[in-house]
Amino acid sequence: MKKQVLTFDFGASSGRAVLGSFDGSHIELAEVHRFDNNPVTLRGTFYWDVLGLFHEIKQGITKARAYGEFSSIGVDTWGVDFGLLDQNGDLLQNPVHYRDARTAGMLNEVCKRIGRETLYGATGVQLMEINTLFQLYSLLQKYPELLERADCALLMPDLFGYFLTGKKTAEYSIASTTQMLDPATRNWNRDLLTQLGLPSHLFPDVVQSGTVLGEVSADICEELGIHDVKVISVTGHDTACAVAAAPAADEDFIFISCGTWSLFGTELKAPIISEESKRHNVTNEGGYNGTTTFLKNIIGLWLIQETRRQYRREGKEYSYNDLEKYSVASKPFRYFIDPDAPEFVAPGNIPERIRDYCRRTGQGTPETVGEIMRCIYESLAMTYRYAFEQIQDCTGKTYRDIHMLGGGTKDTLLCGMTANATGCKIIAGPIEATAMGNVAIQLIAQGDIADLAEARRVIRNSFEAVEYVPQEERQWSEAYKRYRAIIEK
């Protein structure tokens with residue numbers, strides 16, 4: 001008989017419920033519910049619609065019942081964001097979106113008190129203004145009364161787990177995104193929080209990925225007509241779920257988890273916190289079974305998604321295929337941007353910001369849709385090469401292939417350009433890497449799969465990989481020199 005588990009995978013723009021079926025050698029996925037994840041701006045604050053999202057969880061559970069019994073539920077989400085609960089366990093406000101402007105300037109304010117190198121050394125996490133630490137510090141500066149009323153803070157997958165079971169935990173992988181975890185003890189760096197005047201009691205003790213949180217509460221079971229369904233704290237950070245699904249046969253491998261964000265890195269047994277990792281601002285995040293995902297956070301398909309939205313606001317309706325075709329038809333290597341420059345983080349007119357960046361860096365002005373899109377595609381591929389060199393510098397290792405994971409693998413142009421830019425063979429897939437990893441961890445937690453190595457063997461048997469080999473390496477290497485000169489000015 002097939003074993004079935006239900007996964008909820010929340011991205012920054014959409015979510016879905018996916019039912020995973022395991023027959024002993026293969027995992028099959030069936031999407032049973034898909035929904036938009038639409039943030040809401042209210043009185044100048046950018047919120048997640050968390051109650052609407054929990055309603056979608058209930059809808060997903062109801063729809064999954066039509067496919068038969070399932071034994072467990074696992075939830076993964078984006079990192080860094082959280083909900084505050086009062087002493088009665090009720091939300092004090094909707095969780096605020098990491099793209100909200102409240103953290104502007106907070107990284108510099110914190111570093112005045114702590115020091116950039118000291119902060120990186122204490123957490124091993126890439127310094128980014130969206131991180132939880134800077135969100136909390138902004139609350140301390142602007143809304144201290146909110147922190148005073150808070151009894152508990154739960155990161156997003158833990159918050160949904162609490163809604164389902166009433167249990168409060170902090171899962172390791174999602175906790176590692178906060179810039180508040182001690183990489184040695186793998187628990188909260190409460191000394192750091194105290195030093196910044198932040199309450200150190202807010203977050204529950206950290207539990208390891210794959211911990212059985214409990215069963216769905218009786219009232220929800222009665223409402224939805226289910227029973228005896230466990231909730232498992234999988235690797236709650238979607239990146240960690242995707243890495244767990246990397247179909248790598250070698251112990252040392254490189255991955256790109258490619259979606260709204262691109263996470264470029266490798267899996268290690270222990271963190272690397274060194275002069276090189278500090279200089280390159282590489283992050284040490286948690287993975288399954290206590291591993292470290294050593295990676296760079298890179299703005300990814302967000303640039304394409306937001307560019308398309310801007311053209312739509314201007315009355316120009318382009319499909320993603322249209323944008324790709326315009327890019328292919330444009331002259332190569334004319335314009336480059338640093339995708340991680342601050343001006344590209346917030347929603348808005350990305351094409352105009354790209355034109356401003358190119359003018360400011362002496363490249364001229366990309367005007368056409370194709371020139372804008374070619375600039376985005378080539379800049380992303382070059383940034384992957386840049387991150388690749390930084391990862392190799394830190395680990396001292398060389399890597400033959402790159403595993404490209406997630407929805408971005410459907411973009412064949414980006415996959416091909418990544419092979420050309422890095423000079424490595426790209427092994428693309430699984431497309432549903434996050435859901436696949438979520439399912440696999442639930443199965444390991446219930447004893448149906450022995451360990452992560454066996455899970456990766458099962459995953460290799462469960463999908464067809466697509467490979468891209470490098471071409472035009474000399475031209476890309478010459479253009480890479482220009483790209484570096486531009487972004488390192």
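**Core, pockets and salt bridges**

The largest nonpolar core holds 168 residues, and L6, I61, I73, L133, F160 and F264 have the most contacts inside it. Helix α15 (residues 369-395) gives the most to this core, with 15 residues. The structure is a predicted model, in which local features need pLDDT of at least 70 and side-chain atom pairs count only at pLDDT 80 or more, while totals for chains, interfaces and linings use all residues. Residues are numbered from 1 along each chain as its sequence is written, and side-chain values use heavy atoms, with hydrogens and water left out.

**Core**

- A nonpolar core is a set of buried Ala, Val, Leu, Ile, Met, Phe, Trp, Tyr and Cys residues joined through side-chain atoms within 4.5 Å.
- Buried means under 20% relative accessible area, exposed over 50%, and partly exposed in between (1.4 Å probe, protein chains only).
- Helices (H or I, at least four residues) and strands (E, at least two) are DSSP runs, numbered from the N terminus.
- Leaving out residues up to four places away in sequence, F264 touches (heavy atoms within 4.5 Å) residues including I254, F294, Y384, F388 and I402.

**Pockets**

- A pocket is an open set of points on a 1 Å grid over the protein atoms alone, where a 1.4 Å probe fits, with protein on both sides within 12 Å along at least five of seven lines; lining residues have an atom within 4 Å of a point.
- Of its 48 lining residues, C258, G259, T260, L301 and Q305 are the closest to the centre.
- The second largest pocket has about 770 Å³ of space.
- It is lined by 29 residues, of which L107, L127, M128, E129 and D340 are the closest to its centre.

**Salt bridges**

- The model has 31 salt bridges, each a side-chain nitrogen of Lys or Arg within 4 Å of a carboxyl oxygen of Asp or Glu.
- In the pair R16 and E31, the closest N and O atoms are 4.0 Å apart.
- R16 lies in strand β2 (residues 14-22) and E31 in strand β3 (residues 27-36), so this pair ties together parts 15 residues apart in sequence.
- R16 is buried at 8% relative accessible area, whereas E31 is partly exposed at 39%.
- K58 and E223 also form a salt bridge, with closest N and O atoms 3.0 Å apart.
- K58 is in helix α1 (residues 50-64) and E223 in helix α9 (residues 218-224), 165 residues apart.

Note on methods:
Grid points are joined across faces, edges and corners, and a volume is the space filled by probe spheres set on the points.
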